[in-house]
Amino acid sequence: MKRSIALVVSAVIGLSVAAAMAQTKPASTAAPAKPTPAATQAKPAAAPAKAPAPAGDAAIRASIAKAVPGAEITSIKPSLIPGYREVAIGGRIVYVSADGKYLMQGALIELSSRENLTEASEAVIRRADLDAVPRDRRIIFAPANPKYRITVFTDIDCGYCRKMHTQMAEYNKAGIAVEYLFFPRGGLNSESYTKAVNVWCASDRRKAMTDAKADRPVPRKTCANPVSMDYALGRKIGVDGTPAIYTADGTQIGGYLPAADMLAKLQRQAALSVAAK
């Protein structure tokens, strides 16, 4: 899909509301005719038929395909919401009624634990997508024995991306490996895209990344590169700003944090993961 999943879901909601309004509009405002004697002796009308049983996942797929042609449904699973299924469209989760009539978008929170169950499901999807990216398709800055690994979608010209990179030694000292993928925010025809290609095609990619983020010139080169694949992956999992940071289990950390704060957040996340098991 060319638009973000948030816009896709909004479109689905808009179409659903419009359809519901059309269906509930009265057919006529004319006063009902007075009953004739024959009509008064007629048998009572039969009770309305019961709503049909849920038609299963096929109804959900058909409804979404009709509302949003081209939407990629990657999975349909049971949901904790009675009568609804958890549907993954791209890298995002929505909840759709079993009969395919209603869609809900938003975070499902378990109040007792305050756990964001929607984010947890999305993290599983992201982990699979991120694990599919091999190490040789990343530019990695890591200590000898990292305690944590983070995947960072970066833009060469992004201010906070540059600030984060100046603190790389601090991240590595804290035991954090930073694994870069490219996400030129201006798109595939932008100057940031060209700079990303220059970095990837350099003989020393790590040095070229550091030079580019410090606004030092990097020789223009072209070669087979993964920049467009990184960008497509970022769009799929919902990257909408840089740096976009994800833990090894697919959890979204957010944006830039100083090394000490990043370490504390990774430690809390690891503790939550252990508790969840």
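## Packing of H4 and H9

H4 and H9 are roughly antiparallel to each other, a label that applies to angles over 145 degrees, whereas angles under 35 degrees count as roughly parallel, 65 to 115 as roughly perpendicular and the rest as oblique. Helix H4 (residues 117-131) and helix H9 (residues 227-237) pack at an angle of about 170°, and their axes are 11 Å apart; axes are lines fitted to C-alpha atoms, for helices over the stretch in contact, and angles run from 0 to 180 degrees between N-to-C directions. On the H4 side the contact is made by Arg 126, Asp 129 and Leu 130, and on the H9 side by Leu 233, Lys 236 and Ile 237, where contact means heavy atoms within 4.5 Å. The residues of this contact of H4 with H9 divide into three nonpolar, no polar and three charged, with Ala, Val, Leu, Ile, Met, Phe, Trp, Tyr, Cys and Pro counted as nonpolar, Asp, Glu, Lys and Arg as charged, and the others, Gly among them, as polar.

The model is predicted, so local features need pLDDT of at least 70 and side-chain atom pairs count only at pLDDT 80 or more, while totals for chains, interfaces and linings use all residues. Residues are numbered from 1 along each chain as its sequence is written, and side-chain values use heavy atoms, with hydrogens and water left out.

## Packing of H5 and H8

Helix H5 (residues 159-166) and helix H8 (residues 205-213) pack at an angle of about 125°, with axes 9 Å apart, and H5 and H8 are therefore oblique to each other. The contact is made by Cys 161, Arg 162 and His 165 of H5 together with Met 209, Thr 210, Ala 212 and Lys 213 of H8. These residues of the contact of H5 with H8 divide into three nonpolar, two polar and two charged.

## The disulfide and other cysteines

The structure holds one disulfide, defined as a pair of cysteine sulfur atoms within 2.5 Å, and this disulfide joins Cys 201 to Cys 223 with an S to S distance of 2.0 Å. The torsion about the S-S bond of Cys 201 and Cys 223 is about -95°, so the disulfide is left-handed. Cys 201 lies in helix H7 (residues 191-201) and Cys 223 in the loop between H8 and H9, so the pair ties together parts that are 22 residues apart in sequence.

Cys 201 is buried, with a relative accessible area of 13%, whereas Cys 223 is partly exposed at 35%; buried means under 20% relative accessible area, exposed over 50% and partly exposed in between (1.4 Å probe, protein chains only). Cys 158 is buried at 2%, and Cys 161 is buried at 1%.

## Two buried residues

Asp 230 lies in helix H9 and, at 1% relative accessibility, counts as buried. Not counting residues up to four places away in sequence, Asp 230 touches Arg 137, Phe 153, Leu 181 and Phe 182.

Gln 167 lies in the loop between H5 and helix H6 (168-173) and is buried, with a relative accessible area of 13%. Leaving aside neighbours within four places in sequence, Gln 167 is in contact with Tyr 256, Pro 258 and Ala 259.

## The chain as a whole

The chain has 10 helices and 11 strands, where helices (H or I, at least four residues) and strands (E, at least two) are DSSP runs, numbered from the N terminus. Buried residues make up 40% of the 277 residues in the chain. Among the contacts in the chain with a separation of 6 or more, residues 24 or more positions apart account for 65%.
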